[in-house]
There are 4 protein chains.
Amino acid sequence: MARIKSQDKRNAILDAATQVFAERGLSAATSAISAAAGIAEGTLFTYFTTKDQLVNALYREIKLELADAMMSGFPRKNSVRSRLQHIWDQYVEWGLKNPMQQGVLQQVLVWNGLTQESKKAGSAPFVEIERMIEEAQRQHIVQDLPRPFIQMTLVALADTVMELVRQDPKRAEIYRTAGFEMLWGGIQRKR
Amino acid sequence: MARIKSQDKRNAILDAATQVFAERGLSAATSAISAAAGIAEGTLFTYFTTKDQLVNALYREIKLELADAMMSGFPRKNSVRSRLQHIWDQYVEWGLKNPMQQGVLQQVLVWNGLTQESKKAGSAPFVEIERMIEEAQRQHIVQDLPRPFIQMTLVALADTVMELVRQDPKRAEIYRTAGFEMLWGGIQRKR
Amino acid sequence: MARIKSQDKRNAILDAATQVFAERGLSAATSAISAAAGIAEGTLFTYFTTKDQLVNALYREIKLELADAMMSGFPRKNSVRSRLQHIWDQYVEWGLKNPMQQGVLQQVLVWNGLTQESKKAGSAPFVEIERMIEEAQRQHIVQDLPRPFIQMTLVALADTVMELVRQDPKRAEIYRTAGFEMLWGGIQRKR
Amino acid sequence: MARIKSQDKRNAILDAATQVFAERGLSAATSAISAAAGIAEGTLFTYFTTKDQLVNALYREIKLELADAMMSGFPRKNSVRSRLQHIWDQYVEWGLKNPMQQGVLQQVLVWNGLTQESKKAGSAPFVEIERMIEEAQRQHIVQDLPRPFIQMTLVALADTVMELVRQDPKRAEIYRTAGFEMLWGGIQRKR
DNA sequence: TATGAATGAGCGTTCATTCAT
DNA sequence: TATGAATGAACGCTCATTCAT
């Protein structure tokens, strides 16, 4: 019997792609990826039929990792603010620890080959957050703003904070705090 | 004397590039651009020696247009808040009216061929905004946050708002207002 | 395992290049070469990374063939004169039988992309001739002239003879003899 | 009335072409030549309809200059040997003083665009030499060898000597003398 | 005639993908 | 399944030549 597609190899490709795309952009050659993954050029295509498909898969994978990181240790019983704070902190920390992943994510979001399925799949792991916000709005802790607004400003501000921290790591605390305060101030119920 | 290099043709190329890059990404072929501009493939290279150079030039051009739009009618005598509001409104309006330009801008910012000169030139027209913020901080109207934080969150939130408005134009007003409130709430001096 | 880079294909490319360069000059397109070799345009570049590299490789190859031809049946025990005669005869014969190779050789020698390594490698197989001359000078059979003089006049006269024979094949014998006599008369020890 | 084609400009182009071709080979761009000549790109084509034509014209020009140099001070009354010596000396001197011209000459001779007319025109100014040899053969001073043999070996040996002198100028005298002796020894009547 | 921008065929090379092994 | 040579369309760019000025 022949060897079977190995999850290890698939991951090796995904890791290699992350690295290569982060360094050289999405236009990097697939041969650079297979080389970095230590496999033959053709082998890449037994795991991903197309370069576009690889990028889509990579996007999902990164989103999944990110969701994992964000939800680990999620304090389900705490206040809305402290749960949101947790999400914020985890996201920023993940981005700072995984700059390549985050860089690829930003490139993919500007890319024109991302499928609807991938977009859907990419946001799926974040339903719990969505529910939390929904709930908080029902309880009048959070303003009645369209939910996409809250989610997207969260991401936008967190990404901005990450970039700022990378540029000026000494002010990391200032940026993290000010970013979260801006977010929370913008969505919490006004007295 | 021979025909002289025409500013019109240069602009036609820049416009065509904007369109083509917006539709197909920065990896679009230069031949697509020359075709869209109605010129021969080789002609593009009498105006821009290199594709990279063209992208750099396009970036500067767009930034300049944007600055023009943002500073037009700038109410120099009004309150800080209303001046910032003006900037915010003009930026969002420009982005919504010029989606291709804005799309290209975002792609270029993730691209790895932008030169230091271009970056510098691109931010030059925005000094007045920087000065205004500086001034507002000195007067304790705005918190003493690192200036890059204020600038970048402004851009990040405005970009987010534009995207949201495009997805759901009926809520345009909600997004614009909520976005600005989030920004202002996050930077104004607390009583 | 995949198909392995074949020596046959490499040789096919080299042969095709010889033909094409001989007919159209070194400025001939690589696509003409791949077509003549019966391979795809891209395939050429899996064997030679660059056109320049191909020309360099071709130069070495031809020099090697030439050396082979010249040294085959080399009468190591005969007189200096008869050994030189052998070299002369073999060279002229090789050139007349392989006009394309010889034509390419001449073009490459006037070309500006030949590397130092190639030059060195190209002259390596001819050391035995050099030694023979050295030896003959020590024995006062050949005048004490700078060795490059002897080598280069040999080549120059032989090339001239080949050209003359091609123009006027009936006089082949006259040219060959007169050419060698000129060479030998010019370097032998005077009584 | 419009300006008329100037001989000066024609010469400027020819000089520039000599320089540029010598440095970069015959494949150098015509734009490089017009730049070096201080004229516009298009102007070159009012003097030479085609690049090929320019090369052909340059060939003739150089051959003419060479003939001039060789025949200047030609000692019509001296012995055959001393007249041939004069030709030899003048040729070698011209080549050493005009390395660019000589380099171009060699490239053109290997080039495939030289017309029959150019070849004919190029050899025309050398008839006097041809006649001298003819005469010398009739007088049994020079062997009854085919005339092209004598002419071409003269050129081949002189070119070789020039190259050798360039590589090792200290031995200039040795090379010049040995070269001429080889030539003369190869063609003079044997006692 | 002189200019130099305009032209577009052509070039060397890359690269996603295929396929013989 | 894994390999990597083979493929050929596509790309960015060059350059001899044309032509409006």
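Leaving aside residues up to four places away in sequence, Q90(C) touches A69(C), M70(C) and S72(C), where contact means heavy atoms within 4.5 Å. This is a predicted model in which local features need pLDDT of at least 70 and side-chain atom pairs count only at pLDDT 80 or more, while totals for chains, interfaces and linings use all residues. Residues are numbered from 1 along each chain as its sequence is written, chains are lettered from A and ligands numbered from 1 in the order in which they are written, and side-chain values use heavy atoms, with hydrogens and water left out.

Q90(C) lies in helix α5 of chain C; helices (H or I, at least four residues) are DSSP runs, numbered from the N terminus. The side chain of Q90(C) reaches the backbone oxygen of A69(C) at 2.9 Å. D89(C) is also found in α5, which covers residues 80–97. D89(C) counts as partly exposed because its relative accessibility is 25%; the class lies between buried (under 20%) and exposed (over 50%), with a 1.4 Å probe and protein chains only. From D89(C) to R176(C) the C-alpha distance is 7.8 Å, although the two are 87 residues apart in sequence.

| Item | Value |
|---|---|
| Residues in contact | 28 of chain C, 27 of chain D |
| Buried area | about 2,200 Å², 81% on carbon and sulfur atoms |
| Salt bridges | 0 |
| Residue pairs in polar contact | 1 (both at pLDDT 80 or more) |

Buried area is the accessible area (1.4 Å probe) that two parts lose on being put together, summed over both. A salt bridge is a side-chain nitrogen of Lys or Arg within 4 Å of a carboxyl oxygen of Asp or Glu. A polar contact is a pair of N or O atoms within 3.5 Å; within protein, one must be able to donate a hydrogen and the other to accept it, and residues adjacent in sequence count only if both atoms are side-chain atoms.

On the side of chain C that touches chain D, α1 (7–24), α6 (99–110), α9 (147–167) and α10 (172–187) each supply at least two residues. The most come from α9(C), with 10 residues. That side divides into 16 nonpolar, 8 polar and 4 charged residues.

Chain C can be laid on chain D with an RMSD of 0.2 Å by a turn of 179 degrees and a shift of 0.1 Å along the axis. The two copies are thus related as by a two-fold rotation axis. The superposition is by least squares on the C-alpha atoms of residues with pLDDT of at least 70 in both. The copies meet through the same surface, because 96% of the interface residues of chain C are also interface residues in chain D.

Conventions: Nonpolar A, V, L, I, M, F, W, Y, C, P; charged D, E, K, R; others polar.
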